[in-house]
Amino acid sequence: DIFIRYREFYSSRKQLLETLRKLPKVFTHNDAWAPNLFLQKDGSVIAVDWSFTGIVGVGEELGRFYGLCLHSGLGTTIDINGLSGILFDSYCLGLFEAGWKGDIRLVRFGFTASVGIRCGMLIPKIMDHFYRNKEDVNLTEQIQGRAKVASHLLELAEEAISLCRNLEL
């Protein structure tokens with residue numbers, strides 16, 4: 001089942017990337033991950049290392065950040081759907097506070113497409129790792145955790161494909 005879903009996703013990658021390029025653009029840090037972000041006592045965040053600053057489609061950096069969280073192993077230890085919702089809601093709140101008046105579906109597409117595309121990197125690695133190490137009992141839990149993350153990424157990619165069909169860009 002997951003392999004069939006993956007093949008369907010794989011055939012949609014080009015369309016997802018083309019639609020990402022058409023999204024409204026936002027200024028972005030482009031390197032948001034734990035070593036570059038410092039949570040302050042008042043709840044604000046200080047970002048350092050702005051060397052990759054640039055302009056990308058709305059929601060894309062959030063997808064990259066979330067993907068990095070999952071790839072770093074965080075996705076095997078927490079409620080990934082809960083984290084996804086909190087991050088997306090917070091990102092949208094920031095956009096609204098900055099004056100965003102656009103279609104929230106564009107933001108959702110940018111997020112789900114950019115993070116969903118990461119399943120294209122993760123699923124083949126999991127499959128290869130599993131087949132090369134299927135006799136190693138100690139890796140079973142690790143592979144199951146990574147498979148859970150890959151399945152979640154695939155769900156987000158499928159959401160992006162569905163959104164893509166309904167967006168007017």
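Colleague: Which residue lies over the face of F88?

Modeller: R108 does, at 4.8 Å from the ring centre. The rule wants NZ of Lys or CZ of Arg within 6 Å of the ring centre and within 35 degrees of the ring normal. Keep in mind that this is a predicted model: local features need pLDDT of at least 70, side-chain atom pairs count only at pLDDT 80 or more, and totals for chains, interfaces and linings use all residues. Residues are numbered from 1 along each chain as its sequence is written, and side-chain values use heavy atoms, with hydrogens and water left out.

Colleague: What lies over the face of Y10?

Modeller: R13, at 3.8 Å from the ring centre.

Colleague: Back to R108. Which residue does R108 meet in a salt bridge?

Modeller: E159, at 2.7 Å from N to O. E159 sits in helix α6 and R108 in helix α4, so the pair ties together parts that are 51 residues apart in sequence. Helices here are DSSP runs of H or I with at least four residues, strands are runs of E with at least two, and both are numbered from the N terminus. A salt bridge needs a side-chain nitrogen of Lys or Arg within 4 Å of a carboxyl oxygen of Asp or Glu.

Colleague: Is R108 buried or exposed?

Modeller: R108 is buried, with a relative accessible area of 18%. E159 is partly exposed, at 27%. Buried means under 20% relative accessible area, exposed means over 50%, and partly exposed is in between, using a 1.4 Å probe and protein chains only.

Colleague: How many salt bridges in the whole structure?

Modeller: The search finds 4. One of them joins E158 and R5, again 2.7 Å from N to O. E158 lies in helix α6 (residues 140–166) and R5 in helix α1, so that pair ties together parts 153 residues apart in sequence. R5 counts as buried at 17% relative accessibility. E158 is partly exposed at 28%.

Colleague: Which residue forms a salt bridge with R64?

Modeller: E60, with the closest N and O atoms 3.5 Å apart. Both lie in helix α2, 4 residues apart, about one turn of the helix. An α-helix has 3.6 residues a turn, so residues three or four places apart point the same way. E60 is buried at 13% relative accessibility, while R64 is partly exposed at 24%.

Colleague: Stay on α2. How many of its residues are buried?

Modeller: 9 of the 12, so α2 is largely enclosed by the rest of the structure. Among them are L62, F65, Y66 and C69.

Colleague: And what span should α2 have?

Modeller: The expected span is 1.5 Å times one less than the number of residues. For the 12 residues of α2 that gives 16 Å, and the end C-alpha atoms are 16 Å apart, which agrees.

Colleague: Aromatics next. How many pairs?

Modeller: The count comes to 5 aromatic pairs. Y6 and F9 form a tilted one, 5.9 Å centre to centre with 45° between the planes. Rings of Phe, Tyr and Trp (its six-membered ring) pair if their centres lie within 6.5 Å; planes under 30 degrees apart are stacked, over 60 edge-to-face, and the rest tilted. Y6 and F9 both lie in helix α1 (residues 2–22), 3 residues apart. Both are buried. Y6, F9 and Y10 form one aromatic cluster.

Colleague: How far apart are the ring centres of Y66 and F111?

Modeller: They are 5.7 Å apart, with the planes at 50°, so the pair is tilted. Y66 lies in α2 (residues 60–71) and F111 in α4 (residues 104–116), so the pair ties together parts 45 residues apart in sequence. Y66 is buried, with a relative accessible area of 0%. F111 is buried too, with 0%.

Colleague: Loops now. Where is W50?

Modeller: In the loop between β3 (45–47) and β4 (54–57). W50 counts as partly exposed at 42% relative accessibility.

Colleague: And where does D49 sit?

Modeller: Also in the loop between β3 and β4. Phi of D49 is near 60°, a positive value in a residue other than glycine. D49 is partly exposed at 36%.

Colleague: What is phi of N30 near?

Modeller: 70°, again positive in a residue other than glycine. N30 lies in the loop between β1 (25–28) and β2 (37–39).
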